[in-house]
Amino acid sequence: MTDWLVPRMRPHRATIFGEMSVLATELGAINLGQGFPDTDGPATVREAAVRAIREGRGNQYPPVHGVPQLREAIATHQHHWYGLAPDPATEVVVTTGASEAIPAVILALVERGDEVVLFDPHFDIYTAAIALADGTCRPVSVLPGTLRPDIDALRDAVTSRTRLLVVNSPNNPTGIVYTPAELAAIAEIAERTDTLVISDEVYEHLWFDGHPHTAFATLPGMADRTLTIGSAGKCFSLTGWKVGWVTGPADLIAAVRTVRQHMSFVSGGPFQWAIAEGLALPDEHWESERRSLQARRDHFTTGMSELGFGVIESEGSYFLSTDVRPLGFTDGRRFCHALAHAGGVVAIPEQALCHDERDGAPYVRWALCKRREVLDEALARMAAALPGLRRDATEQVGDPLSPAGG
């Protein structure tokens with residue numbers, strides 16, 4: 001059969017998220033791989049969408065760059081939380097989720113041969129979008145053991161050919177929140193090299209005690225070179241609504257708008273009206289959601305530590321990263337497949353989100369944005385399965401869950 005797919009997209013034919021979610025369905029496993037909550041978002045926001053449909057708001061094509069009321073709400077949200085003041089008329093664009101915002105930005109700004117620098121492991125849509133633009137991806141490894149950004153390596157990676165630098169904090173997949181010092185160092189590199197920045201802040205309200213989120217555009221000199229990506233799906237646990245946005249200086253937003261209008265054109269009219277109302281919810285709402293997720297983070301972290309995983313503290317986002325080496329395994333991909341079959345729990349091997357799989361080989365990502373009873377069932381299944389997995393590993397020559405049996 002002829003393979004008509006252009007060569008640059010062939011490495012992106014399948015995603016690890018799709019692969020592991022299909023496996024979860026086939027096996028009836030608990031899916032702690034894909035990052036979506038298993039509860040609906042706020043009733044007030046859901047009712048606002050129903051009301052918008054009944055009142056005929058957004059049932060036909062909404063304005064191409066987003067419902068004005070939503071763009072105004074996004075600008076107000078940015079000002080309230082970060083002191084930023086984007087003009088809703090020219091400095092905000094609504095997208096079909098962050099997963100459209102990312103390629104819209106990259107396709108608008110990257111030409112053949114331009115370099116985009118990002119940290120591994122990374123959200124896989126970034127590299128797919130770079131390939132779509134025929135750009136060049138320059139991956140930078142994080143610091144082993146801590147999964148924190150390696151600033152020195154980043155400094156070496158940025159060259160005169162670098163067009164964009166990707167910042168993602170709170171980070172997917174690692175769960176790391178960049179410190180003010182780390183962000184300031186990244187900002188210094190961007191300014192010194194005159195590099196534009198994509199700041200993926202979809203988990204902006206999901207940070208945990210001691211690790212507050214800092215909006216990258218608030219750093220000195222960054223407002224004029226940063227495009228910030230937000231997501232209603234992550235803010236309100238309504239991932240199926242697919243409402244996102246990009247904010248930034250008018251000239252950069254104009255470029256993004258030009259490309260994005262030729263992608264989905266428009267989407268989610270009634271949902272846009274509902275999210276406009278949701279962004280005006282009182283501060284107590286955001287604090288309550290953050291505390292709820294933090295309590296599940298604490299509970300799941302304790303359980304994973306008791307099972308023997310090497311736990312890397314989740315500082316924010318939906319995710320917890322663990323190291324499987326304390327359990328005697330060294331290959332996360334093979335571990336995840338073995339656990340899915342033997343234990344009925346699915347997670348994401350972070351090596352699948354790295355250019356060099358050796359960088360992420362022992363790390364596994366778990367979605368902790370689930371109900372507590374689901375997390376407890378997953379912990380119980382793993383407690384029952386892990387002794388057998390470890391026994392199988394030690395009874396064979398070499399470790400079957402490590403690269404090349406070594």
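Q: Hi! Quick one to start: is Gln294 buried or exposed?
A: Gln294 is buried, since its relative accessible area is 9% and anything under 20% counts as buried. One thing to keep in mind as we chat is that this is a predicted model.

Q: Good to know. Where does Gln294 lie?
A: Gln294 is part of helix H11, which covers residues 283-307.

Q: And what is Gln294 in contact with, leaving aside its neighbours within four places in sequence?
A: With those neighbours set aside, Gln294 has contacts with Phe208 and Asp209.

Q: Let's zoom out. How many helices and strands does the protein chain have?
A: The protein chain has 14 helices and 13 strands. Its radius of gyration is 21 Å, close to the 22 Å that the globule rule gives for 406 residues, so the chain is as compact as a globular protein of that length.

Q: What does the C-alpha trace span along its principal axes?
A: About 65 × 55 × 50 Å.

Q: How much of the chain is buried?
A: Buried residues account for 57% of the 406 residues. As for the surface, the protein chain exposes about 16600 Å², and 54% of that comes from carbon and sulfur atoms.

Q: What about contacts between residues at least 6 apart in sequence?
A: Of those contacts, 74% join residues at least 24 apart.

Q: How many positive and negative side chains are there?
A: There are 35 positive and 51 negative ones, and the centres of the two sets lie 4 Å apart.

Q: New topic: helix H5. Which of its residues are buried?
A: Tyr126, Thr127, Ala128, Ala129, Ile130 and Ala131 are buried. That makes six of the eight residues in H5 (125-132), so the helix is mostly covered.

Q: What comes just after H5?
A: Asp134, which takes a positive phi of about 60 degrees.

Q: Which other residues have a positive phi although they are not glycine?
A: Lys242 is one of them, at about 55 degrees, and Ser317 is another, at about 80 degrees. Lys242 sits in the loop between helix H8 (232-236) and strand S8 (244-247), while Ser317 is in the loop between S9 and strand S10 (319-323).

Q: Are those two buried or exposed?
A: Lys242 counts as partly exposed, with 34% relative accessibility. Ser317 is buried, with a relative accessible area of 0%.

Q: You mentioned S9 and S10. What order do the strands take in their sheet?
A: They belong to an open sheet of four strands, in the order S9-S10-S13-S12, with antiparallel pairing. Strands S9 (310-312) and S12 (348-349) stand at the edges with a single partner strand each, so one side of each has no neighbour in the sheet.

Q: How many bridges join S12 to S13?
A: Two bridges join S12 to S13 (residues 363-367), and these strands run antiparallel. Ile348 has Arg365 in S13 as its bridge partner.

Methods
Residues numbered from 1 in each chain as written. Predicted model: local features only at pLDDT ≥ 70, side-chain atom pairs only at ≥ 80, totals over all residues. Heavy atoms only, no water. Buried < 20%, exposed > 50% of the residue type's maximum accessible area, 1.4 Å probe, protein only. Rg over C-alpha atoms; globule rule 2.2 N^0.38 Å. Contact = heavy atoms within 4.5 Å. Areas by Shrake-Rupley, 256 points an atom, 1.4 Å probe, with all protein chains shown as cover. Lys, Arg positive; Asp, Glu negative; His and termini not counted. Charge placed at Lys NZ, Arg CZ, Asp CG, Glu CD. Pairing = 2+ DSSP bridges.
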